[in-house]
Amino acid sequence: MLDSFFRTHQYLVEHMQPVLRRALMDEIDWKARLIGIKGSRGVGKTTFLLQYASENFGAQDHRCLYINMNNFYFQGKTLFQFACEYQQAGGQVLLIDQVFKHPDWSRELRAIYDHCTRLRVVFTGSSVMRLKEENPELNGIVASYNLRGFSFREFLNLTLGLNLRTYGLREIQNRHERISREVMEQVNPLEYFQAYVHHGYYPFFLENTNFSENLLKVMNMMIEVDILLIKQIELKYLSRIKKLLYLVATDESGAPNVTQLAAETQTSRATVMNYIKYLSDARLINMVYRQDEDFPKKPSLLLLHNPNLMYAMMPGRVDKQTMLETFFQNALWGRHDVRMGDRSSTFIVDNTQRFRICSEIPRRKNTDVIYALSDITEGEGQEIPLWMYGFLY
């Protein structure tokens with residue numbers, strides 16, 4: 001039976017369409033024996049695994065094997081049994097895609113870790129999965145990483161064949177004039193910014209299909225499969241979660257009224273808060289809290305996870321200011337703590353730095369606020385181009 005899996009592995013690696021080498025490839029400690037890579041649907045987790053196999057082993061090296069839990073073979077054999085057979089056949093690295101679709105996947109991974117000591121396992125899972133919090137058997141043994149969609153930098157590199165590098169948040173703050181000159185020698189970012197916020201976050205924009213229709217399908221799968229399956233929610237509540245997402249997306253204020261949302265979705269306040277958390281875990285929305293507050297308290301602001309979602313859900317009705325704030329929050333998400341700002345700022349980052357996201361400088365400036373401006377290519381002093389925050393990864 002292994003021969004069949006080897007043939008599939010070889011075919012997938014040989015026919016993989018190489019797109020872009022993700023920065024995460026160099027951030028993972030590949031020597032770890034159990035590695036979990038989480039990410040929302042559509043960000044390229046399968047391609048990421050196949051790229052790793054291609055770079056480190058090639059298509060015909062049986063020491064590395066890619067398998068997908070969609071295979072009906074695993075309805076009759078446990079993942080642990082398969083891993084043992086593969087190790088006995090000389091396997092060294094087992095790449096498991098969509099592990100959450102296998103019953104008792106966390107216990108099986110623990111058994112593999114304990115008994116297949118010569119085998120390294122790399123698995124992908126939904127962003128909805130809470131690897132350590134909900135699976136104590138994996139505590140202390142799994143190294144967890146997040147794969148995000150394309151940054152603006154990655155989009156430019158892929159679209160134009162460039163090799164623009166990343167910049168840290170402090171580096172941007174201290175060297176943004178020089179960074180602008182470095183980037184402008186190769187490209188004018190503003191010429192491609194609108195394309196990125198419309199369709200550049202998800203790798204499938206490269207496919208010769210309707211991007212918005214594809215994204216809507218992916219969004220529905222995030223709710224119908226990832227949230228309902230992993231959180232074990234009955235199908236009859238699907239429409240309520242979808243309506244909640246629509247209400248959040250179309251709320252111009254951004255500040256959730258949980259009581260009103262509960263009434264409109266015909267559920268309780270507590271359930272609304274749980275659904276909001278699930279939508280956040282699925283990376284459909286981002287919850288922004290004030291300093292010193294966090295879930296299960298009500299967030300001060302709800303934004304869609306990235307601007308592409310806005311254009312898919314509300315074509316022709318995207319508010320520019322909300323889109324700019326969504327871009328900034330998404331660019332910093334995952335590595336920086338973004339909190340609700342005060343009267344003079346939009347956000348407070350890492351509890352120290354205040355940012356105001358805007359198209360033009362207000363008449364009165366605050367000396368302790370950084371102004372991230374959307375319509376400039378080069379900044380000065382505390383005025384920094386907004387596009388530059390798309391170079392954080």
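A cavity is a set of points, on a 1 Å grid over the protein atoms alone, where a 1.4 Å probe fits but cannot get out; lining residues have an atom within 4 Å of a point. Points are joined across faces, edges and corners, and a volume is the space filled by probe spheres set on them. This is a predicted model: local features need pLDDT of at least 70, side-chain atom pairs count only at pLDDT 80 or more, and totals for chains, interfaces and linings use all residues. Residues are numbered from 1 along each chain as its sequence is written, and side-chain values use heavy atoms, without hydrogens and water.

The structure holds one cavity of 30 Å³ or more. The largest cavity has a volume of about 40 Å³. Its lining includes Phe150, Ser151, Tyr196, Gly390 and Tyr393.

Take Ser151. It sits in the loop between strand S5 (143-146) and helix H5 (152-160); helices (H or I, at least four residues) and strands (E, at least two) are DSSP runs, numbered from the N terminus. Ser151 counts as buried because its relative accessibility is 2%, where buried means under 20% relative accessible area (1.4 Å probe, protein chains only). Its side chain reaches the backbone oxygen of Tyr393 at 2.7 Å.

Now the cores. A nonpolar core joins buried Ala, Val, Leu, Ile, Met, Phe, Trp, Tyr and Cys residues through side-chain atoms within 4.5 Å. The largest has 107 residues, with Ile37, Ile227 and Tyr389 making the most contacts inside it. Helix H8 (residues 211-230) gives the most to this core, eight residues. Apart from it lies another core, of 29 residues, including Met69 and Phe74.

How values were computed: Buried means under 20% relative accessible area, exposed over 50%, partly exposed in between (1.4 Å probe, protein chains only). On a 1 Å grid over the protein atoms alone, a cavity is a set of points where a 1.4 Å probe fits but cannot get out, and a pocket is an open set with protein on both sides within 12 Å along at least five of seven lines; lining residues have an atom within 4 Å of a point. A polar contact is a pair of N or O atoms within 3.5 Å; within protein, one must be able to donate a hydrogen and the other to accept it, and residues adjacent in sequence count only if both atoms are side-chain atoms.
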